[in-house]
Amino acid sequence: MNILIVNNTPIPATKYGGTERIIWWLGRELNRLGHKVTYLVGEGSTCPFAKVLIYDPAVDINQQVPDDIDVVHFQFQVSGFTKKPYIVTVHNNPGGVQLDVNSVFVSANHAQRHGSTVFVHNAIDTSDYQKPNLNNKRSHTHFLAKAAWRVKNVKGAIDVATMSGNKLVVLGGTRLNLKMGLRFTPNLNVRFKGMVGDEAKSVVMNGSKALLFPVLWHEPFGIAIVESLYFGCPVFGTPYGSLPELVPAEVGLLSASKSELAAGLKNVESFNKQYCHQYAADNFSIGKMAKEYLALYERVLNGQVLNSVKPELINHDQPKYLPWNN
């Protein structure tokens with residue numbers, strides 16, 4: 001199959017970049033499986049295993065898709081595309097807009113909130129990470145997300161770590177943040193590593209007792225969850241969005257109460273690191289994700305639409321921040 005993957009940002013992602021990393025891993029796996037992969041992506045992109053074309057938002061998308069492509073995989077909503085069979089992965093919470101009939105979501109909860117049943121779980125390509133060391137002594141907890149986004153709730157993670165007597169390493173943020181108004185974190189129990197790549201993340205997660213992930217929104221997926229579980233780290237987070245689907249009781253604790261999460265974190269040794277690792281490896285492999293996308297490509301190549309009606313957010317009456325209690 002000749003597959004075109006389209007996104008409006010550059011690849012590869014060197015540090016932060018969830019969508020960019022997913023499409024890189026997906027393209028590489030499809031290439032391994034014998035398919036021809038082309039990227040239509042942002043300026044400055046390079047790739048050793050696929051042809052790269054540069055996406056121009058000012059030009060009609062139909063004109064940018066080569067004639068020899070079989071199927072197009074968009075990573076953002078498009079309008080007026082008719083040249084080839086296509087699907088559209090929805091990576092975010094797009095609000096109240098009506099989505100393309102061939103939209104694919106990244107978790108069952110993400111799909112259900114938009115009146116759909118079509119989803120493919122994200123995955124990680126473990127070849128980009130260090131090997132997990134499941135027997136070493138763990139000295140800290142970690143937070144992995146763009147800390148500047150208030151819905152990611154780094155403050156809540158700091159509170160849970162402090163209340164449970166644990167150190168916290170923040171991956172994805174800095175102590176002084178001027179981007180979202182003046183925010184300074186004086187707590188010296190917390191270390192900030194800024195935006196980091198997979199190698200640096202691997203080092204931190206190999207020494208971590210747990211991921212603290214108390215998000216205040218309906219998380220569509222959360223790659224950090226799978227990365228952390230792969231390194232044997234159970235997840236302590238809020239019961240919102242995809243988290244109940246991704247974090248069964250054997251691999252973590254979900255609560256909207258910081259004191260409940262802190263109490264649970266004091267018993268973190270009750271979780272089995274090997275089980276967490278195997279759960280992530282079994283359920284969120286890049287091979288599984290590629291296979292599921294190939295099945296969707298086949299459906300649109302056979303003339304089917306993925307959703308009977310255009311998906312749209314069902315419940316518009318959502319608070320900006322979901323509850324977070326003491």
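The legends below describe an overall view and several close-up views of a predicted model.

**View 1. Overall fold of the predicted model.** The secondary structure of the protein comes to 10 helices and 14 strands, and the C-alpha trace spans about 60 × 45 × 40 Å along its principal axes. For 326 residues, a compact globule would have a radius of gyration near 20 Å, and the 20 Å found for the protein agrees with this. Of the 326 residues, 56% count as buried, while the protein exposes about 14,200 Å², of which carbon and sulfur atoms supply 52%. Among the contacts with a separation of 6 or more, 63% are accounted for by residues 24 or more positions apart.

**View 2. Helix 9 and the face formed by its buried residues.** Helix 9 covers residues 273–283, and its buried residues are C276, H277, Y279 and A280. When the helix is seen down its axis, these buried residues fall within an arc of 160°, so they line one face of helix 9. The buried residues of helix 9 pack against helix 6 (223–230) and helix 7 (243–246). At the start of helix 9, a side-chain oxygen of N272 comes to within 2.8 Å of the backbone nitrogen of Q274.

**View 3. Aromatic pairs around F284.** The count for the protein comes to 14 aromatic pairs. In the pair of F221 and F284, the ring centres are 6.0 Å apart and the planes stand at 75°, so the pair is edge-to-face. F221 lies in the loop between strand 12 (208–213) and helix 6, and F284 in the loop between helix 9 and helix 10 (286–301), so this pair ties together parts that are 63 residues apart in sequence. Both F221 and F284 are buried. F284 also forms an edge-to-face aromatic pair with Y279, with 5.8 Å from centre to centre and 75° between the planes, and Y279 is buried, as is F284. Elsewhere in the protein, ring pairs link Y55, F74, F76, F81 and Y86 into a cluster.

View 4. E219 lies in the loop between strand 12 and helix 6, and its relative accessible area of 5% places it among the buried residues, for which the limit is under 20%. The side chains of E219 and K152 are joined by a polar contact of 2.9 Å. Not counting residues up to four places away in sequence, E219 touches K152, F213, Y240, G241, S242 and L243.

View 5. N153 is placed in the loop between strand 7 (140–144) and helix 4. Its phi is near 60°, a positive value in a residue other than glycine, and N153 is buried, with a relative accessible area of 7%.

**View 6. S257 and its polar neighbours.** S257 is found in the loop between strand 14 (252–254) and helix 8 (258–265), and at 12% relative accessibility S257 counts as buried. A polar atom of the S257 side chain lies 3.1 Å from the backbone nitrogen of E260, and the side chain of S257 also reaches the backbone oxygen of N326, at 3.5 Å. When residues up to four places away in sequence are not counted, S257 touches W324, N325 and N326.

**View 7. K167 in an exposed loop position.** K167 lies in the loop between helix 4 (154–163) and strand 8 (168–171), and with a relative accessible area of 51% K167 is exposed, the limit for which is over 50%. K167 and H140 are 27 residues apart in sequence, whereas their C-alpha atoms are 4.9 Å apart in space. Leaving aside residues up to four places away in sequence, K167 touches S139, H140, T141 and N189.

Technical notes:
Residues numbered from 1 in each chain as written. Predicted model: local features only at pLDDT ≥ 70, side-chain atom pairs only at ≥ 80, totals over all residues. Heavy atoms only, no water. Helix = DSSP H or I, 4+ residues; strand = E, 2+ residues; numbered from the N terminus. Buried < 20%, exposed > 50% of the residue type's maximum accessible area, 1.4 Å probe, protein only. Contact = heavy atoms within 4.5 Å. Arc of directions from axis to C-beta. Polar contact = N/O pair within 3.5 Å; in protein donor to acceptor, adjacent residues only side chain to side chain. Rg over C-alpha atoms; globule rule 2.2 N^0.38 Å. Areas by Shrake-Rupley, 256 points an atom, 1.4 Å probe, with all protein chains shown as cover. Phe/Tyr/Trp six-rings, centres within 6.5 Å; stacked < 30°, edge-to-face > 60°.
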